[in-house]
Amino acid sequence: MTKVILKVAMSVPCVLSAAARSFILTPPSACRLLSFSSSTRRNMSSKRQMDHLERTASNYRQNALYPAEVCGIISESDTVKRLRIAVHPDFIFKAGQWVDFFIPGIEKVGGFSMCSSPGLLQREGVVELAVKYAKHPPAHWVHTTCTLGSRVAMRVGGDFFFDPAPSDPSVDLLLVAGGVGINPLYSILLHVKDLLHLSRASGGRDYNIGSAHLCYSAKNTQELLFKSSIVEACREFPDKFSCDLHVTQQSTDVDPYLQPFINRGRITQEELQAHVDPQRTLCYLCGPPPMIEAISKSLLDLGLPKDRIVFEKWW
């Protein structure tokens with residue numbers, strides 16, 4: 001069960017305070033809110049690992065940098081905290097995208113994928129980020145310093161997203177996640193769920209929604225983020241959603257509620273084959289680079305065209 005550290009009244013929208021709206025972030029690059037140039041780069045030493053801005057320098061980014069305020073903190077696991085963040089009214093994103101995460105007083109810029117849907121943003125004016133503990137300054141700040149009311153700034157970026165138009169033909173999604181790589185795929189899953197609700201309300205006239213199958217691997221069930229919500233979606237739309245949850249180092253008994261969805265060991269090519277149709281399947285992958293490379297090769301071997309495999313590697 002998810003342990004709530006700072007309880008959020010989920011039925012009451014978080015509101016960006018007037019102080020946060022006027023909050024001006026002045027990071028070392030001296031950028032301004034709503035006018036940060038995507039061409040701005042820091043001089044980096046070649047002797048250390050590339051940071052988020054360098055790794056994603058060629059990715060799409062919005063031009064605007066928006067103020068935001070933390071309005072909820074939930075412990076998703078022993079190593080992952082989920083932030084609920086009230087954002088500026090003009091803030092928009094597509095399911096699967098990430099944000100550049102600017103923290104006052106910290107030079108390093110974080111890169112975190114949204115784990116909420118665009119629909120939640122429309123309904124409540126908030127986005128959610130799930131951040132795994134690390135010594136990297138932005139992640140360390142989330143786990144050790146961030147509190148309710150903490151002010152940050154965010155800029156949306158990324159070419160990894162699912163944003164179908166109502167007139168688009170339906171596709172069958174295959175979502176493959178490793179560890180905290182679930183974040184953008186969970187955002188996509190929630191977005192598809194929102195579209196299914198819209199389609200149901202309109203009698204199927206709004207969107208042509210295919211199926212979505214999730215293959216998700218983690219060390220153990222405690223590290224399977226959002227597992228309860230994923231299972232609930234599969235049970236609410238059994239003809240549309242399905243999932244295989246994998247654990248590679250499980251040492252305790254599995255909750256009976258999860259047992260029907262749990263597989264021990266890594267994701268296999270045989271499992272993928274059951275959900276690959278070269279004409280209909282669109283696959284999104286997110287996780288450690290070795291996993292992405294292995295899964296991509298398996299999908300290509302199964303005949304899925306390269307242009308129907310979309311991936312994002314996290315370091």
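**Exercises: a strand and a serine**

In this predicted model, strand E3 (residues 80–87) is largely enclosed by the rest of the structure, because seven of its eight residues are buried.

**Exercise 1.** Find out which strands pair with E3, and in what sense.

*Solution.* 
- Step 1: Start with strand E2 (residues 66–75), which pairs with E3 in the antiparallel sense over seven bridges.
- Step 2: Look at how the chain gets from E2 to E3: the two strands form a hairpin, with four residues between them.
- Step 3: Now turn to strand E6 (residues 126–132), where E3 again pairs in the antiparallel sense over seven bridges. Here Ala 86 stands opposite Val 126 of E6.

**Exercise 2.** Decide whether Ser 116 is buried or exposed, and describe its surroundings.

*Solution.* 
- Step 1: Locate Ser 116 in the loop that joins strand E5 (110–113) to helix H3 (118–124).
- Step 2: Apply the cut-off: buried means under 20% relative accessible area. Ser 116 has 2% relative accessibility, so it counts as buried.
- Step 3: List its contacts, leaving aside neighbours within four places in sequence: Phe 93, Val 127, Glu 128, Ser 187 and Leu 190.
- Step 4: Check Glu 128 in detail: its backbone nitrogen is 2.9 Å from a polar atom of the Ser 116 side chain.

Definitions and conventions: Residues are numbered from 1 along each chain as its sequence is written. This is a predicted model: local features need pLDDT of at least 70, side-chain atom pairs count only at pLDDT 80 or more; totals for chains, interfaces and linings use all residues. Side-chain values use heavy atoms; hydrogens and water are left out. Buried means under 20% relative accessible area, exposed over 50%, partly exposed in between (1.4 Å probe, protein chains only). A polar contact is a pair of N or O atoms within 3.5 Å; within protein, one must be able to donate a hydrogen and the other to accept it, and residues adjacent in sequence count only if both atoms are side-chain atoms. Contact means heavy atoms within 4.5 Å. Two strands pair if DSSP finds at least two bridges between them.
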